[in-house]
Amino acid sequence: MKTEDEDFSVSQVADANVTGRQKNANFQNLSKQLVKRIYEFLDIKQSQYYMKSMSCIKCFREEAVRMSHAPDFNDFLQSLKERTASNVFREFWEIVVQGGSGDSERGDTKYA
């Protein structure tokens, strides 16, 4: 899952092998790829894939903070909350709370 203009594989990011710090990593491309991968994992609705989505969420948060895009991460969390509001995703949100992927500017779990 790699295109000509990407410097890394989303699969590697999902497995927490890469953090997006490789040369010329573009935040917009990184965030789009991570969001797509997160939603793909969530659509499977299994614990092991929820954990993979958490790896992507953590990577997204780290890079958003590092590259001064914390509001983008917070917007993503809000949309994630809306998309996963049903009880089907209760287990996922328990993992989110345990993983500490909260609001990146305030360090709390505003959306969990």
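The model is predicted, so local features need pLDDT of at least 70 and side-chain atom pairs count only at pLDDT 80 or more, while totals for chains, interfaces and linings use all residues. Residues are numbered from 1 along each chain as its sequence is written, and side-chain values use heavy atoms, with hydrogens and water left out.

User: In what order do the elements of the chain run from the N terminus on?

Analyst: Helices (H or I, at least four residues) and strands (E, at least two) are DSSP runs, numbered from the N terminus. The secondary structure comes to five helices and zero strands. From the N terminus on, the order of the elements is α-α-α-α-α.

User: What percentage of the residues in the chain is buried?

Analyst: Buried means under 20% relative accessible area, exposed over 50%, and partly exposed in between (1.4 Å probe, protein chains only). The chain has 112 residues, and the buried share of them is 40%.

User: Among contacts between residues at least 6 apart in sequence, what percentage joins residues at least 24 apart?

Analyst: Contact means heavy atoms within 4.5 Å. Among contacts in the chain between residues at least 6 apart in sequence, the share joining residues at least 24 apart is 65%.

User: How are helix 2 and helix 3 oriented to each other, roughly parallel or roughly antiparallel?

Analyst: Axes are lines fitted to C-alpha atoms, for helices over the stretch in contact, and angles run from 0 to 180 degrees between N-to-C directions. The axes of helix 2 and helix 3 are 8 Å apart, and the packing angle is about 160°. Angles under 35 degrees count as roughly parallel, over 145 as roughly antiparallel, 65 to 115 as roughly perpendicular and the rest as oblique. Helix 2 and helix 3 are therefore roughly antiparallel.

User: What is the handedness of the crossing of helix 2 and helix 4?

Analyst: The axes of helix 2 and helix 4 come within 12 Å and cross at roughly 20°, which makes the two helices roughly parallel. Residues in this contact include V35, Y39 and L42 of helix 2 and F76, L80 and R83 of helix 4. A crossing is left-handed if the near helix is turned anticlockwise from the far one by less than a right angle, and right-handed if clockwise. The crossing of helix 2 and helix 4 is right-handed.

User: Which residues of helix 4 make the contact with helix 3?

Analyst: Helix 3 and helix 4 have axes 8 Å apart and pack at an angle of about 150°, which makes them roughly antiparallel. The crossing is left-handed. Helix 3 contributes I57, F60, R61 and A64, and the residues of helix 4 are A70, D72, F73, F76 and L80.

User: Why is the pair of Y39 and F76 classed as it is?

Analyst: Rings of Phe, Tyr and Trp (its six-membered ring) pair if their centres lie within 6.5 Å; planes under 30 degrees apart count as stacked, over 60 as edge-to-face and the rest as tilted. By this rule the count comes to nine aromatic pairs. The rings of Y39 and F76 have centres 6.3 Å apart and planes at 50°, so the pair is tilted.

User: Which helices hold Y39 and F76?

Analyst: Y39 is buried, with a relative accessible area of 13%, and F76 is buried at 5%. The two residues are 37 residues apart, and their pair links distant parts of the chain: Y39 is in helix 2 (residues 27-44) and F76 in helix 4 (residues 70-83).

User: What is the angle between the planes of F60 and F73?

Analyst: F60 in helix 3 (residues 47-66) and F73 in helix 4 are 13 residues apart. Both F60 and F73 are buried. Their aromatic pair is edge-to-face, with 5.4 Å from centre to centre and an angle between the planes of 90°.

User: Which residues do the ring pairs link into a cluster with Y39?

Analyst: Y39 has its place in helix 2. The cluster linked by ring pairs holds Y39 together with F27, F60, F73 and F76.

User: Which residue lies over the face of Y39?

Analyst: A charge sits over a ring if NZ of Lys or CZ of Arg is within 6 Å of the ring centre and within 35 degrees of the ring normal. Not counting residues up to four places away in sequence, Y39 touches F76, S79, L80 and R83. At 3.9 Å from the ring centre, the residue over the face of Y39 is R83.

User: With which residues is T84 in contact, leaving aside its neighbours within four places in sequence?

Analyst: T84 lies in the loop between helix 4 and helix 5 (90-99). T84 is buried, with a relative accessible area of 2%. Leaving aside neighbours within four places in sequence, its contacts are L42, F89 and W93.
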